[in-house]
Amino acid sequence: MRLLRVVSALLLLSVVFAVAQDVRPSAALTPRVEKVLRTIKAADTGQLAVSEEDGRFLRVLVAARSAKTVLEIGAASGYSGIWLGLGARESGGRVVAVEYDTRRAKEAASNIRAAGMDDVVQVVHGDAFAVIPRLPGTFDFVFLDAWKPDYKKFFDMVFPRLTPGGVFVAHNVVNKRDEMQPFLGTILRHPSLFTTVVSPSHEGMSVSYKTK
């Protein structure tokens, strides 16, 4: 069974990496969603949103994993949450996106409604360290894009609730790797994970698969 999970995960990673390199536009994006994504990017002067390439990669990962429960830590203005929601819509799942900043949480909720994704994505305002312990159940997929020095703390909190076969993805692991060395050391050496780092864009993402 464990060998089957490992082989399945390797196939998943090979497929999603290949798809991430395909820059052709996807017919799955409606004009409504495309408009909201462009609006968020145009207003993103602080460059908090992931790149479009990273967003497309996240959507494929969620859909390929058939994730039913998706957790986003650090929603910003909702750009990545929309991409995660597009993947979750394909897999029949739901996304909970946690955002600490009051203004950004309101923006994220508004943008997700405008994109017609609020039936799939729920924005929760608050400190993730307080919010996540109150969320029920386990997670099939976790996307982390929050305060970089806290990455290991977030991982330690969430990992016990990541389902076997679950996927943990972290952002900025290339361009901000010096800010998260304890986290990177943990995921690269963890006995219940195997991890790869990919760069659909220049920021880089770690993709970790939980074997047991």
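A residue is called buried if its relative accessible area is under 20%, exposed if over 50%, and partly exposed in between, using a 1.4 Å probe and protein chains only. By that rule F168 is buried, at 0%, and F183 is buried, at 1%.

This is a predicted model, in which local features need pLDDT of at least 70 and side-chain atom pairs count only at pLDDT 80 or more, while totals for chains, interfaces and linings use all residues. Residues are numbered from 1 along each chain as its sequence is written, and side-chain values use heavy atoms, leaving out hydrogens and water.

How is a pair of aromatic rings described? The distance of the centres and the angle of the planes describe it. Rings of Phe, Tyr and Trp (its six-membered ring) pair if their centres lie within 6.5 Å; planes under 30 degrees apart count as stacked, over 60 as edge-to-face and the rest as tilted.

The structure holds eight aromatic pairs. In one of them, the rings of Y79 and W83 have centres 6.5 Å apart and planes at 65 degrees, so this pair is edge-to-face. Y79 is buried at 4% relative accessibility, and W83 is buried at 1%.

F168 and F183 form a tilted pair, with 6.1 Å from centre to centre and 45 degrees between the planes. Finally, ring pairs link F168 and F183 with Y151, F155 and F159 into a cluster.
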